[in-house]
Amino acid sequence: MNILVCISKAPDTTSKITFTDGNTKFNEDGVQFIVNPYDEWYALVRGLELKETLGGKLTIISVGGADYEPILRKALAIGADEAVRIDANPTDSNQVAAELANYAKANNFDLVLLGKETINYNGSQVGGMMAAMMDVAYVSNASKLDVAGTTASIEREKQGGTEVLEAQLPCVISAAKGMAEQRIPNMRGIMAARSKPLNVIAASGAAALTETVSYTLPDAKGAVKLIDPENVAELVNLLHNEAKVI
Amino acid sequence: MNVLVFADSFNGSAVKAAHEAASYGAKIANGGNTSIVTYGEISESSMNELASYGITNILHANGINDMDPARLAKLVEAAANETGAEVVIFSHDYTGKSVAPMLAARMKAGLVTGVIDYPSTDGSFTVKKAVFSGKALAEVKFNTEKKVISLLPNSVGKTKTEASANVTVFNPDLGTSSVTIKEFKAKGGEGILLTEAELVVSAGRGLKGPENWGMIEELAKELGAGTACSRPVSDIGWRPHHEHVGQTGIAIRPNLYIAVGISGAIQHLAGVNGSKVIVVINTDSDAPFFKAADYGIVGDAFTVVPKLIAAVKEFKAAQA
């Protein structure tokens, strides 16, 4: 089976979030970047497990500049066979999805996996866009995935319960918690990653359809109002009369 | 301008978030037509409820019951063409997250997901959304004539008007599906859906064991709230996974979030920091959650929660 896993980089969860250039750009100074957890822990690891069981090849792909290479090397160390970096600095999801879909269409993948969202932009956009651009099926937020022949069996959480479904390959699937367990790369993997291919290819020049004009930080929260544990009724009073939520 | 709103249905009614999306759409239309496209089995009273938010037309695809996002995207595209919609609105929920990106790609429209406020249409069309798991806000401008927006539930509220809509059966050809739904395992219980709950009571490891959740459920029932939990609690199986809120669980933004025995790790806050009011009950006065809270009680859950249940009962009795 020929599997493509799309990887995005994201600032570590504990990063301080600040902006530069008149609040139009995320300030990357001193920020530790990681592989977006949904892409790594769930999509990549489940892809590797499927490859290990069914045979085939697993390629990872990112749309980004040279700063993406440590992220791609890490994914190679976890076990991907080869990496592709489409050389561009995309500014919206359409641009990312169009570049990825172009590559995926030209290279006949059976299965495209990616995380359900990135932890920086929280968009949940790229997977669905890719599937529409490739004219293949899309299943989002999958927490279980198996493949037999040309059929993927999937479970996904949705409102009010869990949906059990089947999709015909090729398809795009976005991964959520539950699909796999995080794998820590071992020394052998890290050494092997150094000699695995990382191909840089030119972007097709897809357009951004939206642009972020400014970032702001939310208003600082006022100090917590502490209530005497002996006088819990006061909390109910405040929630009703002051906060007006009950 | 003409606006189209996608209303997801569940168990014979439009989902609650669709009402807010309908009201949002009508406000953006600003005198233009606001249409709704919906599908599957949906009751007349639910249609009337949807219409009451200022809707001119409802296009009802009663011929489809499946949830294949590719087919739903084709349906919404056909409805957008039919109604001449410039803007298409989704709720940023499970279905919206699947269908909106497919639709945007089909229509070559710009897409902004998880929008939290009305657009600014002064010169350019811009919307606001939360980014970095709620730690910042971004203002995003559309560069396309057609626009797709998904609205984060519980962001703008809803306003009823006098309008009553024409309901038209609308079953365009959607092609075949390569996704087949085999089964839907509904969550047990009579509880309020967490994704729709305006009030949420949540608990963590501070409760010491799954046998102690009775008081959390009772407090939720008295308040009419949904129940949630922290990640460690769902990981060790004290509570079901669908209750897990946080970075890797679901993100919610209720009007009131009461956290009992949860320390407030940054990953947990990422799932709840959009809540309008946060109450923290914890024995540890240094728990980081107090920094994100509006109200706090430093005390033992096992004495505070029963007192809170009694106080809520008393309050409800006085209101009745």
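## Contacts within chain A

Two residues are in contact if their C-beta atoms, placed from the backbone, lie within 7 Å. In this predicted model, 73% of the contacts in chain A with a separation of 6 or more are formed by residues 24 or more positions apart.

## Overall form of chain A

Chain A holds 15 strands and six helices. The C-alpha trace of chain A spans about 65 × 45 × 40 Å along its principal axes. Of the 246 residues in chain A, 51% are buried.

## The contact between chains A and B

Chain A brings 62 residues to the contact, and chain B brings 74 residues. On the side of chain A that touches chain B, at least two residues each come from the helices α3 (93-106), α4 (126-134) and α6 (233-241). The strands β9 (137-148), β10 (151-158), β11 (161-168), β14 (210-216) and β15 (225-226) of chain A likewise supply at least two residues each. The most is given by β11(A), with eight residues.

Sorted by class, this side of chain A comprises 32 nonpolar, 22 polar and eight charged residues.

## Strand pairing across the chains

The strand β15(A) also takes part in a pairing with chain B: two bridges join β15(A) to strand β17 of chain B, which covers residues 295-298. The two strands run parallel. Within this pairing, Lys225(A) stands opposite Tyr295(B), a residue of β17(B).

Key: Residues are numbered from 1 along each chain as its sequence is written. Chains are lettered from A and ligands numbered from 1 in the order in which they are written. This is a predicted model: local features need pLDDT of at least 70, side-chain atom pairs count only at pLDDT 80 or more; totals for chains, interfaces and linings use all residues. Helices (H or I, at least four residues) and strands (E, at least two) are DSSP runs, numbered from the N terminus. Ala, Val, Leu, Ile, Met, Phe, Trp, Tyr, Cys and Pro count as nonpolar, Asp, Glu, Lys and Arg as charged, and the others, Gly among them, as polar. Two strands pair if DSSP finds at least two bridges between them. A residue is buried if 20 or more other C-beta atoms lie within 10 Å of its own, exposed if 12 or fewer, and partly exposed in between; C-beta atoms are placed from the backbone.
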